[in-house]
Structure formats: C-alpha cells, structure tokens
Amino acid sequence: MNDAINYIIDSHTHIFPDKIADKSRTNVGNFYNQPMFTTGTSNELHRVSGMEKIINGKKYKIKYQLICSPAVNGKQTESINNFIISSVKQNTDYIGFGTIHPDNDNYKEIIDYIKASGLKGIKLHPEFQNFNIDDSKMYPFYRYIAKCGLPVLFHAGDMRLNNSSTEKLNRIIKDIPELKIIAAHLGGYMRWNESIALEPSENLYFDISSSLSFISREQFIRFLDRFGYKHFFFGSDFPMWYPYGELEKFIDLGLDDEICKAIEYNNLTEFLKI
C-alpha cells in the first residue's frame, strides 16, 4: 500500500444549525424524493469526512469541505450567512459560500459583507428560491458579484422545473461572460443529456456532486472532453450522499492520475486561490 496521502476537497456540502438539521434534511429529501444519507450538522460532516480512507490500496483524506446553504426566503439571508461565517471561523477545514435571495433589495450590501467576511463565493438554488436564473431582475446581482470577484455556485437542473435549465444558463454565460459560474451536478441534475450542450467558456466550471450514481463512465468522459478536465471539481452533496462513497465512485471511473488529482484537489485550489 502507498503510504502517501491523497488530499481531497469536497466542493459541495451543506450544513445546518443543529436545531433545524433534521427538519432541513427531511425537507430536502422530500423535495427530491431521495432519502438523505445522514443529518447535515457540522459534527456529522466531520464524523463522516474526518478520517483517512483506503480506496484501491491508496490513502485518501478530505482536507477541505466547501459548505453552503441557500436562503429560501429573503428574511433568511442574514442568519444563514452569519451561520456559514461562524462555521468557517470555527473550522479550519471549511471553505464557505454565502447566499443571497432575489428579494434582497440590499444585495450590494450583502455581497460586500459576504466578501469582507472571507467567504469565497455565493450559492443560489433557483428551485428552492423560486426564481428563473435568467430573470432580468437577477442580472444586476450577477454583475455586482462578478465585479466583486466572486463566483456563483448554481444548483443546476431539475426533472420537474426549468428554473435552472441549460437554455437559461447558456443565456447567462452569453450575456455576462465575466461571471464565474460553478454549475452544480454536472450542470443539470437528472438532465445531463441537455447540460452537455452548455456553451464552453473560460468562466464555466462544474462540480460532479449528485451525478456519479446516475451517469455512465462514457457520459462523464464526454463532459471532460467537451469542457476540459480543469473545469471540474469533486463534490459529494453531503448530507445527501456519503462523501467517501462518492469519492470511490469517482476513483472507479479509472481516469488518469493527473486528471484525478486535478478534479479531487488542484482545480479548486487554483480556482479559489486557496
């Protein structure tokens, strides 16, 4: 067995305050009709991610987790951002993304606060937050986020709704090319035959969370070939999935070591300058 440790960044995890973690897990699971792996508390994320794991004779350790949580209504924005900020301050293995809601008329103040607090980006979930990503109302938000040098992590794709469809995301890529976008779930949860048609861009990136259980190796390689492997980040979507279980699925794809190390760790460190 190789004793060297392969470090991993989990680029897509959710945590919730202890008092509402069980309720949040139930709500998310019901929304997707998908049982959650576990409860999304900070302690539980550390419990399932904090140890080393041997996979195919190699040692792996999740060194950092990107944590986020969208505001379902405008009144939640402040408390969620403060929770993420506090969690990052208390845990050196956390990378935080803040949130904003379309109803936040003071979006510039909120975005400034997110950046000044040391968070590295902004998470939006168009389906939970009930807005279309290409709504003209959101364009000033996106332009100010880009001006502040922050990326947006979009939940992308839904079988029932079109809030974050490939067509709408392509419109943003075209209209605001300076915006750095991470399209979660390979750009289209459960709609990957559509998201493969996203327009390649130097500022378009993907995480692979909540994807590997549903697509084939051939489909995944099509994404790498179209967009370039340096535009992909490993992610688990904890607490929906077990992080090391998702890592094992990725490793089992049998990709070249250079590609694996880039997606598992190097790409996100370069992207977020960490």
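Contact here means heavy atoms within 4.5 Å of each other, and helices (H or I, at least four residues) and strands (E, at least two) are DSSP runs numbered from the N terminus. The structure is a predicted model, in which local features need pLDDT of at least 70 and side-chain atom pairs count only at pLDDT 80 or more, while totals for chains, interfaces and linings use all residues. Residues are numbered from 1 along each chain as its sequence is written, and side-chain values use heavy atoms, with hydrogens and water left out.

Spanning residues 217-227, helix 9 has Phe220, Phe223, Leu224 and Phe227 buried, where buried means under 20% relative accessible area, exposed over 50% and partly exposed in between (1.4 Å probe, protein chains only). Seen down the helix axis, these buried residues fall within an arc of 95°, so they line one face of helix 9; the arc is that of the directions from the helix axis to the C-beta atoms. An α-helix has 3.6 residues a turn, so residues three or four places apart point the same way. The face turned away from the buried side of helix 9 carries the exposed residues Glu218 and Asp225. The partners of the buried residues are helix 8 (192-195), strand 8 (204-207), strand 9 (232-233), helix 10 (243-251) and helix 11 (257-272). After helix 9 comes glycine 228, with a positive phi near 90°.

Two of these partner elements hold residues worth a visit. Phenylalanine 206 sits in strand 8 and, at 0% relative accessibility, counts as buried. Leaving aside neighbours within four places in sequence, phenylalanine 206 is in contact with Ile182, Ala183, Leu186, Gly187, Leu198, Phe227, His231, Phe232 and Phe233. Its C-alpha atom is separated by 9.6 Å from that of glycine 235, 29 residues apart along the chain. Asparagine 267, in helix 11, is also buried, with a relative accessible area of 5%. Not counting residues up to four places away in sequence, asparagine 267 touches Tyr229, Lys230, His231, Phe232, Phe233 and Ala262.

Serine 11, in strand 1 (residues 2-14), has a relative accessible area of 4% and is buried. A polar atom of the serine 11 side chain lies 2.6 Å from the backbone oxygen of phenylalanine 234. With neighbours within four places in sequence left aside, the contacts of serine 11 are Leu66, Asp207, Phe233, Phe234, Gly235 and Leu268.

Helix 7 (residues 166-175) has Thr166, Lys168, Leu169, Ile172 and Ile173 as its buried residues. They cover an arc of only 165° around the axis, which puts them on the same side of helix 7. Glu167 and Lys174 are exposed on the other side. The buried residues of helix 7 pack against helix 6 (139-147), strand 6 (152-154), strand 7 (181-183), helix 8 and strand 8.

Turning to a helix pair, helix 3 (residues 77-90) and helix 4 (residues 107-116) pack at an angle of about 10°, with axes 11 Å apart. Axes are lines fitted to C-alpha atoms, for helices over the stretch in contact, and angles run from 0 to 180 degrees between N-to-C directions. The two helices are therefore roughly parallel, a term for angles under 35 degrees. In their contact, Thr77, Asn81, Asn82 and Ile85 of helix 3 meet Ile110, Tyr113 and Ile114 of helix 4. These residues divide into 4 nonpolar, 3 polar and no charged, with Ala, Val, Leu, Ile, Met, Phe, Trp, Tyr, Cys and Pro counted as nonpolar, Asp, Glu, Lys and Arg as charged, and the others, Gly among them, as polar.

Definitions and conventions
Parallel < 35°, antiparallel > 145°, perpendicular 65-115°, else oblique. Polar contact = N/O pair within 3.5 Å; in protein donor to acceptor, adjacent residues only side chain to side chain.
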